Amino acid sequence: LRKIAPILSSRNITYMTVRCFASEPNDPIQKMFVDKIREYRNKQTSAPGGLVDADEKTKKSRDQELKRIFTMFGFKEGEDVTKIPDMKFDEPKLDSINLK
């Protein structure tokens, strides 16, 4: 029983900690922080291009930088850059070695 007690108590503490933070925060500062994170997430999902509170200069600068990177790495417009390219390697031709 003495060997099991520390394990059970640590599991209980871990469970209580997760359960405590899974619910709404009790601290007003923590609540404000969580509210701001949720507000930012909502803004980000509704913002075109994912840029929150971006002005035209920032959007133009981002587009120019993306265009420069696409040109540098040889991507075409509209190509999915997150896809891993298919790579095919030919099997090398090996000469047999006679050990006689």
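This is a predicted model: local features need pLDDT of at least 70, side-chain atom pairs count only at pLDDT 80 or more; totals for chains, interfaces and linings use all residues.
1. A residue counts as buried when its relative accessible area is under 20%, as exposed when that area is over 50%, and as partly exposed in between. Lys43, at 35% relative accessibility, therefore counts as partly exposed.

2. On the overall fold, the secondary structure of the chain comes to 3 helices and 0 strands, and reading along the sequence gives the pattern α-α-α. Of the 100 residues that make up the chain, 3% count as buried.

3. On charged contacts, a search of the whole structure finds 6 salt bridges, and the points below take up some of them in turn. One of them joins Lys31 to Asp35, where the closest N and O atoms are 3.3 Å apart. Both residues belong to helix H2, which covers residues 28–46, and they sit 4 residues apart, about one turn of the helix. Lys31 has a relative accessibility of 39%, so this residue counts as partly exposed, and Asp35, with a relative accessible area of 33%, is likewise partly exposed.

4. A further salt bridge is formed by the side chains of Lys43 and Asp53, with an N to O distance of 3.6 Å. This pair links distant parts of the chain, since Lys43 lies in helix H2 while Asp53 lies in the loop between H2 and helix H3 (56–73), the two being 10 residues apart. Why does Asp53 count as exposed? Its relative accessibility is 67%, and the cut-off for an exposed residue is over 50%. Lys43, by contrast, counts as partly exposed at 35%.

5. In helix H3, which of the residues pair through their side chains within about one turn of the helix? They are Glu65 and Arg68, which lie 3 residues apart and meet in a salt bridge with an N to O distance of 2.4 Å. Glu65 is partly exposed, with a relative accessible area of 36%, and Arg68, at 43% relative accessibility, also counts as partly exposed.

How values were computed
Residues are numbered from 1 along each chain as its sequence is written. Side-chain values use heavy atoms; hydrogens and water are left out. Buried means under 20% relative accessible area, exposed over 50%, partly exposed in between (1.4 Å probe, protein chains only). A salt bridge is a side-chain nitrogen of Lys or Arg within 4 Å of a carboxyl oxygen of Asp or Glu.
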